[in-house]
Amino acid sequence: DCYVILFPVDRTAWHAQSRRILSSRPASDGAYLMRNVVPGDYFLAALEDVEPSEWFDPEFLQRILPAAMKITIGDGDKTVQDIRIGGGG
């Protein structure tokens, strides 16, 4: 089981049900989609063995920072980002 997790650089938004923390399960071809992303600076990570909703835990997000890459999403952007499990793209 793999999840792609998008979470904000701004740690004040690292809380339960934050609309700036998103997850996606890749399709069989590895493609993933995040909808309604608020513009801003984010970390993006692809991880295996993640419990559903674990990504809302600030301690978990802190632990996965080394496996994350930083990206910026602008207003109205449609972005394609390759990423590897456990590390940047």
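The legends below describe close-up views of a predicted model.

**View 1. The four-stranded open sheet.** Four strands form an open sheet in the order S2-S1-S3-S4, and their pairing is antiparallel. Strand S2 (22–24) and S4 lie at the edges, each pairing on one side only. Between neighbouring strands of this sheet, the average turn is 30°, with direction ignored.

**View 2. Pairing of S3 with S4.** Five bridges join S3 and S4 in the antiparallel sense. Among the residues concerned, leucine 44 has methionine 69 of S4 as its bridge partner. Strand S3 spans residues 40–48, and strand S4 spans residues 69–73.

**View 3. The largest pocket and its lining.** The largest share, three residues, comes from S1. Sorted by class, the lining of the largest pocket holds 15 nonpolar, six polar and five charged residues.

**View 4. The salt bridge between arginine 63 and glutamate 54.** The structure contains one salt bridge. Arginine 63 is joined in this way to glutamate 54, and their closest N and O atoms are 3.9 Å apart. This pair counts as a salt bridge because the separation of 3.9 Å falls within the 4 Å limit. Arginine 63 is exposed, its relative accessible area being 54%, whereas glutamate 54 is partly exposed at 23% relative accessibility.

Note on methods: Residues numbered from 1 in each chain as written. Predicted model: local features only at pLDDT ≥ 70, side-chain atom pairs only at ≥ 80, totals over all residues. Heavy atoms only, no water. Salt bridge = Lys/Arg side-chain N within 4 Å of Asp/Glu carboxyl O. Buried < 20%, exposed > 50% of the residue type's maximum accessible area, 1.4 Å probe, protein only. Helix = DSSP H or I, 4+ residues; strand = E, 2+ residues; numbered from the N terminus. Nonpolar A, V, L, I, M, F, W, Y, C, P; charged D, E, K, R; others polar. Pairing = 2+ DSSP bridges. Axes fitted to C-alpha atoms, helices over the stretch in contact; angles between N-to-C directions.
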